[in-house]
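This briefing goes through a few local features of one structure, grouped by topic. Please keep the sequence and the 3D view open while reading.

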Amino acid sequence: MPRVFMILAAVTLTIFIGLFYQHSVQQKHQAELLEYETVLEEKTESIAQQAQDWSKPIQIELEDDRLEGDYAIMAEFMLGQLRDSAEERNQYLRDLKAANWQNFLDINRLAKDQTQDYKETEAMLKQVHQIMDSYQQKIQQRDAELIDKAQQLDIKNRYRQQLTQNLKDSQQNSNAHVIFEIEKQNLAKADALFAVLKKYKWQKKNNMFMFYDDKAVKEFNALYKEILDLNKQMQQVASANQKAVENKL
């Protein structure tokens, strides 16, 4: 199977930029808001850059001496949530790599595994299902708790309301959620494709899967094309997300 595309989960500056201008009519408030946005942009960019190398944990200092009061509280909260969300995604990718998921459709691996009744592939698929189920539970729990945590922040009520609404909007339009839904579809197609490999006789020839049954060829090719199409969709979402982030930085 083509490798799972590495993207930064839940990086969206729409929850940061443009907040609270209607409440910042005084010059002091405007200066504080601009400082707040500057800190968020700088540290969000740092998180985004680190998250691209998902083999390493993300390291970032949430506190910043340039901010104080409500803005300091909001910045620490938002950056902490962004860091944790990105790190959860990266740990998920590390787990998939540890399960050798990127080599699911490697023909040499499968030809060898065929001689041992596909024990390795069976174990791989079982592990990947567990990894995805665990990750889904984590992001569902995070989404459920995020709004409650925001509503408990010790900040002015107008800030709390605006922050909560922006978080709700972000959850509904999360590219990370879109990517994960495609990944789950990809896993379902992998299950189906593996069923074809187990059902029909095949051999490796010229580094290709050679089946003895035309029906098997059609089923295999159709499923493989669907997997490629799903990976293309993930790449398109990831590219659009990256451009959106770069445009705001």
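Leaving aside residues up to four places away in sequence, Asp113 touches Tyr118, Lys119, Glu120 and Thr121. The model is a predicted one.

**Asp113**
- Asp113 is part of helix 3, which runs over residues 107-114.
- Its relative accessibility is 1%, under the 20% limit, so Asp113 counts as buried.
- The side chain of Asp113 comes to 3.4 Å from the backbone nitrogen of Lys119, and Lys119 is also one of the residues that Asp113 touches.

**Helix 3**
- Asp113 is listed with Ile107, Arg109 and Leu110 as the buried residues of helix 3.
- These residues span an arc of only 160° around the axis, so they sit on the same side of helix 3.
- At the N-terminal end, helix 3 is capped by Asp106, with a side-chain oxygen 3.1 Å from the backbone nitrogen of Asn108.

**Helix 2 and helix 4**
- Two packed helices are described by the angle between their axes and the distance between the axes.
- For helix 2 (residues 69-98) and helix 4, the angle is about 175° and the axes are 10 Å apart.
- An angle over 145 degrees counts as roughly antiparallel, and helix 2 and helix 4 are therefore roughly antiparallel to each other.
- On the helix 2 side, the contact includes Phe77, Gln81, Asp84, Ser85 and Tyr92.
- On the helix 4 side, Val128, Ile131, Met132, Tyr135 and Lys138 are among the residues met.
- Sorted by class, the residues in the contact of helix 2 with helix 4 are ten nonpolar, two polar and seven charged.

**Loop residues with positive phi**
- Most residues other than glycine have a negative phi.
- Asn100, in the loop between helix 2 and helix 3, has a positive phi near 65° and is not a glycine.
- The relative accessible area of Asn100 is 26%, so Asn100 is partly exposed.
- Asn207, in the loop between strand 1 and strand 2, is not a glycine either and has a positive phi of about 60°.
- With a relative accessible area of 52%, Asn207 is exposed.

Terms used: Residues are numbered from 1 along each chain as its sequence is written. This is a predicted model: local features need pLDDT of at least 70, side-chain atom pairs count only at pLDDT 80 or more; totals for chains, interfaces and linings use all residues. Side-chain values use heavy atoms; hydrogens and water are left out. Helices (H or I, at least four residues) and strands (E, at least two) are DSSP runs, numbered from the N terminus. Buried means under 20% relative accessible area, exposed over 50%, partly exposed in between (1.4 Å probe, protein chains only). A polar contact is a pair of N or O atoms within 3.5 Å; within protein, one must be able to donate a hydrogen and the other to accept it, and residues adjacent in sequence count only if both atoms are side-chain atoms. Contact means heavy atoms within 4.5 Å. The arc is that of the directions from the helix axis to the C-beta atoms. Axes are lines fitted to C-alpha atoms, for helices over the stretch in contact, and angles run from 0 to 180 degrees between N-to-C directions. Angles under 35 degrees count as roughly parallel, over 145 as roughly antiparallel, 65 to 115 as roughly perpendicular and the rest as oblique. Ala, Val, Leu, Ile, Met, Phe, Trp, Tyr, Cys and Pro count as nonpolar, Asp, Glu, Lys and Arg as charged, and the others, Gly among them, as polar.
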